[in-house]
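User: I have a structure to go through with you. Can we take it piece by piece?
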Amino acid sequence: MRLEELVAGVALLALIAYALLGGADFGGGVWDLLVPTASGRAEEHRVAITRAMGPVWEANHVWLIFVIVLLFTGFPAAYTALSVALFVPLHLALLGIVLRGAAFVFRSPGALVAGRSPLWMHAFRAASILTPLVLGMCLGAISAGRIRVASGRVVSDLWRPWLAPFPVAVGVLALAVSAYLAAVYLTVETEGTVQEDFRRRALGAGAVTAVVAGVTLALALVAAPRFWGSFTGPLDTPIVLGAVVLATLSAWAVYHRRYHLARVAAAGEVVLLLLGWGLAQYPYLIYPHLTLWQAASLPPTLRFILWTLVPGGLLLVPSLWFLFTVFKGRNPTAERAERGGPEAAGETYEAA
Amino acid sequence: MDSLTAARAQMAFSLGFHIIFAALGIGLPLLMVIAEGLWLRTRRPEYLALARKWSKATAVLFAIGAVSGTVLSFELGLLWPHFMEIAGGVFGAAFALEGYAFFLEAIFLGLYLYGWERLRPRVHWLCGVAVAIAGAISGILVLSANAWMQQPVGFAMQGDRVVSVDPVRALFNPAWAVMTTHSTLSVYIASAFGVAAVYAWGYLRGRRDAYQRAALRTALVIGAVAALLQPISGDFNARFVSRFQPTKLAAMEAQFRTQRRAPLRIGGWPDLRTGRVYYAIEIPGGLSFLAYHDPNAVVQGLEEFPRDLWPPVPIVHVAFQLMVGIGLYLVVVAALYWIMAWRRVDPLPRWLLRLLVAAGPLAFLAVQAGWTVTEVGRQPWIIRDVLLTREAVTPVPGVQVTLGGVLAVYAALSATLTWFLLRLVRSPQVPEFPIAPKAFGGGDRAEAGPCDLKS
């Protein structure tokens with residue numbers, strides 16, 4: 001493999017990690033909007049969502065920064081073209097990112113001595129929907145070849161590349177997948193009636209995701225023929241079929257309350273979908289004008305990026321593993337019940 | 001307002017906003033781990049209460065820092081696409097490394113903030129240490145990228161294209177060491193004096209318990225050490241700038257003419273039309289001495305350079321005066337506090353507390369002023385001597401609109417944050433005790449970490 005391909009592969013893996021982890025955090029915001037207000041369990045839902053996101057959302061968010069940094073360091077021409085062509089949706093994504101992050105900490109009751117502000121609660125939900133939607137639209141615009149570059153300058157206009165049926169469908173798909181992931185993850189981190197609630201939500205979101213995915217593919221046939229061609233081509237077909245199998249498996253597992261299996265299968269489905277997307281996109285970063293090679297930095301920079309993966313990975317992987325085993329290793333609600341509440345847990349800190 | 005002005009304003013506001021939280025996101029974790037470390041050693045409850053309270057402030061401030069930092073990573077391209085086309089593959093190396101540092105910071109901060117109940121105390125404390133270290137490294141790497149814009153090396157251009165690159169040389173560019181030292185000290189100074197101001201205010205209003213005193217003392221250990229080291233680092237910076245960035249130095253000191261035995265001008269207003277500085281106090285040979293450690297050295301004036309390559313002189317000059325003035329003020333205030341503490345003056349005199357209260361916002365003003373000197377002093381270049389800022393600006397119309405959006409969102413955030421921090425400061429400390437019910441004589445006071453939502 002060539003340097004450019006390796007760096008692009010790393011960026012794709014980071015994007016997948018962001019979709020799996022950051023995506024689910026946005027999905028949490030969707031379920032915060034759709035809490036069952038009539039049932040009296042709304043508060044329990046919010047608590048579960050906040051508890052699931054709290055310790056990890058910032059680390060999850062860093063994956064996006066990672067993707068951006070890899071893009072501008074490894075493929076500056078593509079980063080530049082996207083910044084110009086997607087000026088409006090990227091600003092909207094930023095709006096969503098800022099509001100979601102700020103609203104999460106402002107509304108998080110443990111951090112708040114002052115009670116919740118309804119305004120920031122609304123901001124949290126709205127931003128959690130806006131961000132995956134517009135980021136998905138950007139992805140759709142890139143795949144459909146709607147961004148036009150001529151002699152190094154972007155010539156497409158401000159709105160047309162991303163405000164069209166196909167990019168919108170990809171945006172809605174990103175949102176639906178985020179909500180699905182969040183619901184599936186939350187079944188693992190709750191119990192009792194709330195767990196049942198999230199099971200139903202996961203099934204609903206799964207059905208919506210399947211429909212939206214179908215519509216998106218159908219639209220691709222018309223709006224992004226080259227992408228459709230590769231996505232259903234010989235290289236991609238096994239991957240896409242694998243994603244469909246895993247999607248079915250995760251829905252089956254949710255239905256039969258095998259939540260750990262569902263979590264793995266749902267995550268695997270997203271991994272395969274994005275891998276398939278990446279392969280279908282190859283060798284273009286921005287179809288049809290910028291290939292990996294046209295957009296790439298010079299080899300010393302690409303080599304530098306790849307070398308940093310070694311020490312970076314050695315530090316990062318154990319740290320991430322530690323974070324997730326501490327907070328996601330076991331069902332937190334079950335754990336609390338076993339240990340007899342926060343007083344007992346307090347002894348952890350007192351022990352030494 | 002034209003696109004260039006709007007883009008510069010948007011970048012300036014986004015950075016100015018981010019810098020406050022970036023500084024606190026590096027400085028507060030240091031204070032937090034010192035307090036927790038003191039608790040682990042001494043078992044004095046006030047230190048635990050401080051660590052808890054500072055970790056709550058850090059939770060919010062770090063999140064704002066993270067999202068406002070994300071904004072910048074996009075805005076580099078959204079506002080300055082042509083700049084990133086050239087710079088991305090060169091100074092990106094610093095950001096690639098910074099990505100890891102920031103990652104570790106976020107991971108260990110999550111563990112620290114939400115791990116009070118789940119981790120053993122020493123492990124918990126070590127997570128805090130990791131946050132403090134990763135935060136400092138992250139800041140240093142970002143500054144290294146910025147230093148490259150001041151002192152671009154490690155690449156060659158042919159026309160508009162980069163034709164060769166040495167990312168390691170770009171990362172360790174000549175300005176790297178002096179700039180990162182100065183900025184790292186400045187974030188500790190700002191955080192420490194910011195925290196000290198809060199507790200000096202409480203002290204003035206009659207809260208003089210062990211908690212209040214411990215807070216002041218901890219903050220001012222860091223504040224004093226960093227404030228005392230800062231002039232030394234400043235001296236290195238001044239000599240570096242005078243050698244390599246003569247227009248910036250000339251703008252900082254409003255040195256219009258090339259002069260042997262150039263005076264140090266304190267205050268004053270530079271008049272661009274007459275090329276003179278009014279109302280300044282001049283110390284003969286002062287600038288020559290500071291820049292070259294020789295009172296008779298020749299200092300290049302702005303007249304040596306084409307008029308259109310001058311940075312905006314009045315802004316740079318005033319910002320520089322502010323930064324230096326405040327820096328000296330902070331040294332004096334910290335020294336006074338420690339003299340009083342040494343002599344066990346109790347209670348602390350009200351005038352000193354008032355000086356400390358003022359020192360908080362002033363320290364942040366100094367950070368902003370210092371950043372203004374660096375960045376405005378680099379103008380009209382975005383990459384010094386390589387690319388002009390106006391050549392790099394986005395061709396997209398409507399930056400005025402996004403500028404308005406950035407201002408509105410950040411204003412709303414600032415208002416909520418101020419409100420939040422005031423509530424946090426005023427909230428009582430005792431119920432914050434997370435744990436150790438036996439140690440504090442009560443079983444029902446145990447409170448959980450931020451994630452523990454007892455609804």
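Analyst: Here are some questions and answers on confidence, the interface and a few local features.

User: What kind of model is this?
Analyst: This is a predicted model.

User: What is the mean pLDDT of chain A?
Analyst: Chain A has a mean pLDDT of 88. In chain A, 91% of the residues reach 70 or more.

User: And what does chain B average?
Analyst: Chain B averages 89. There, 94% of the residues score at least 70.

User: Back to chain A. Where is confidence lowest and where is it highest?
Analyst: Lowest is helix 15 of chain A, at a mean of 39. Highest is helix 7 of chain A, residues 165-188, at 95.

User: Over which residues does pLDDT stay under 50 in chain A?
Analyst: Residues 337-352 of chain A. The model has 32 contacts beyond four places in sequence for that stretch.

User: Where does that happen in chain B?
Analyst: Over residues 430-455 of chain B, pLDDT stays under 50. For these residues the model has 57 contacts beyond four places in sequence. Where pLDDT is low, the predicted coordinates should not be read in detail.

User: New topic. How many residues are in contact between chain A and chain B?
Analyst: On chain A, 78 residues are in contact with 91 residues of chain B.

User: What area do chain A and chain B bury between them?
Analyst: About 7500 Å². Carbon and sulfur atoms carry 76% of it.

User: How many salt bridges between chain A and chain B?
Analyst: The count is 0.

User: Which elements of chain A touch chain B?
Analyst: Those giving two or more residues include helix 2 (42-53), helix 3 (57-74), helix 4 (76-85) and helix 5 (87-107) of chain A. Helix 14 (332-339) and helix 15 (341-351) of chain A are also among them. The largest share, 15 residues, comes from helix 13 of chain A.

User: How do the residues on that side divide?
Analyst: The side of chain A that touches chain B has 50 nonpolar, 19 polar and 9 charged residues.

User: Switching to rings. How many aromatic pairs over all chains?
Analyst: The count comes to 31. One of them is A:W57 with A:F104. Their ring centres are 5.7 Å apart and their planes are at 65 degrees, so the pair is edge-to-face.

User: Where do A:W57 and A:F104 sit?
Analyst: A:W57 is in helix 3 of chain A and A:F104 is in helix 5 of chain A. They are 47 residues apart, so to speak, distant parts of the chain linked by the pair.

User: Which residues does a cis peptide bond join?
Analyst: In chain A, A:Y282 and A:P283, with omega about 0 degrees. A:P283 lies in the loop between helix 11 (259-281) and strand 3 (284-286) of chain A. In chain B, B:Q379 and B:P380 are joined this way, with omega about 5 degrees. B:P380 lies in the loop between helix 11 (350-376) and strand 9 (381-383) of chain B.

User: What is phi of A:R257?
Analyst: Near 60 degrees, a positive value in a residue other than glycine. A:R257 is in the loop between helix 10 (237-255) and helix 11 of chain A.

Methods:
Residues numbered from 1 in each chain as written. Chains lettered and ligands numbered in written order. Predicted model: local features only at pLDDT ≥ 70, side-chain atom pairs only at ≥ 80, totals over all residues. Heavy atoms only, no water. Contact = heavy atoms within 4.5 Å. Buried area = accessible area lost by both parts, 1.4 Å probe. Salt bridge = Lys/Arg side-chain N within 4 Å of Asp/Glu carboxyl O. Helix = DSSP H or I, 4+ residues; strand = E, 2+ residues; numbered from the N terminus. Nonpolar A, V, L, I, M, F, W, Y, C, P; charged D, E, K, R; others polar. pLDDT = per-residue confidence, 0-100. Phe/Tyr/Trp six-rings, centres within 6.5 Å; stacked < 30°, edge-to-face > 60°.
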